[in-house]
Amino acid sequence: MSDALSPPPTSSDAPPSPGRPPGAAATGARIIAVTSGKGGVGKTFVSANLAAALTRRGQRVLVLDADLGLANLDVVLNLHPKITLHDVFTGKALLEDAVIQAPGGFSVLLAGSGMVEYSRLTPEVRNQFLNVIQALAPNYDVILLDTGAGISDVVLFSISLASEVLIVATPEPTSLTDAYAAIKVLAMQQKRQHVRMVINQAARPGDGRAITSQLQQVLDRFVSTESGRAVRLIHMGDIPADPSVRDAVMRRQLLLLNTPGCPASLAIAQLANKIETTLLVPAP
């Protein structure tokens with residue numbers, strides 16, 4: 001698999017169009033970017049537990065830690081990898097040796113914290129990232145890209161590799177303001193026609209759908225896509241505020257394993273069901 005890390009043609013220096021990461025179309029692998037406008041909203045928590053829920057449904061799932069500067073997927077999963085994406089990028093290890101099993105039965109490729117040299121999108125980082133995705137895509141049904149927060153070049157490039165974008169936000173005004181900014185950039189720069197949303201830490205049932213609707217109204221007024229229509233938000237579900245979440249995070253355990261019957265776990269299971277039925281069913 002080491003040949004997967006050889007430099008690709010120079011034409012790949014241009015960001016791929018959404019939904020066309022190398023190898024994805026040929027293999028049918030579904031690549032979903034899990035992102036957020038700001039940090040601290042539970043994006044990595046959602047990525048890890050969603051992966052566990054999809055795995056329970058029989059999907060072959062990989063979570064790739066695409067937050068190259070401030071990776072923390074290893075902390076959430078209580079993993080201590082000997083080999084990380086950093087070792088692959090620097091040629092110290094093979095990609096196949098960096099992919100490990102996580103609690104919950106899915107695979108992970110961990111970035112390693114403090115990769116300062118990868119916090120900026122250089123042609124080298126771009127090429128390495130593309131080749132990793134190309135090599136991994138044939139082996140899985142779903143690849144979840146746990147991106148960094150915000151709209152940096154690295155984050156936006158990671159998202160550009162995905163056919164679908166799942167934005168995690170909380171009801172806090174700062175989170176929603178930053179989510180709006182991120183959606184606007186995705187619509188303008190990547191020509192995204194739709195973005196999927198999950199509202200984490202929802203106080204009451206229905207709050208997330210109301211928040212998504214309000215955000216859609218703002219987008220309708222101020223943000224148009226290339227087609228002239230506003231980018232469409234698809235509400236995928238709410239994850240309720242639940243004390244079991246904090247307990248699982250502090251224990252560095254997956255919520256679905258620690259407290260499978262709690263409200264937040266059930267909501268994540270519903271999210272996995274919606275993703276599977278809307279995104280992963282083969283076309284007739």
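**Note on the cavity, pocket and salt bridges**

1. The largest cavity has a volume of about 40 Å³; a cavity is a set of points on a 1 Å grid over the protein atoms alone where a 1.4 Å probe fits but cannot get out, and a volume is the space filled by probe spheres set on the points. Its lining (residues with an atom within 4 Å of a point) includes Thr35, Ser36, Ile151 and Leu186. Five of the lining residues are nonpolar, four polar and none charged.

2. The model is predicted: local features need pLDDT of at least 70, side-chain atom pairs count only at pLDDT 80 or more, and totals for chains, interfaces and linings use all residues. Residues are numbered from 1 along each chain as its sequence is written, and side-chain values use heavy atoms, without hydrogens and water.

3. The largest pocket (an open set with protein on both sides within 12 Å along at least five of seven lines) has a volume of about 550 Å³. Of its 30 lining residues, Gly42, Lys43, Phe45, Val76 and Val249 lie nearest its centre.

4. Lys43 also forms a salt bridge with Asp146 (3.4 Å, N to O); the term denotes a side-chain nitrogen of Lys or Arg within 4 Å of a carboxyl oxygen of Asp or Glu. Lys43 is buried at 8% relative accessible area, and Asp146 is buried at 1%; buried means under 20%, exposed over 50% and partly exposed in between (1.4 Å probe, protein chains only).

5. Glu276 and Arg57 meet in a salt bridge (2.7 Å, N to O). Glu276 is buried at 15% relative accessibility, whereas Arg57 is partly exposed at 37%.

Notes. Ala, Val, Leu, Ile, Met, Phe, Trp, Tyr, Cys and Pro count as nonpolar, Asp, Glu, Lys and Arg as charged, and the others, Gly among them, as polar.
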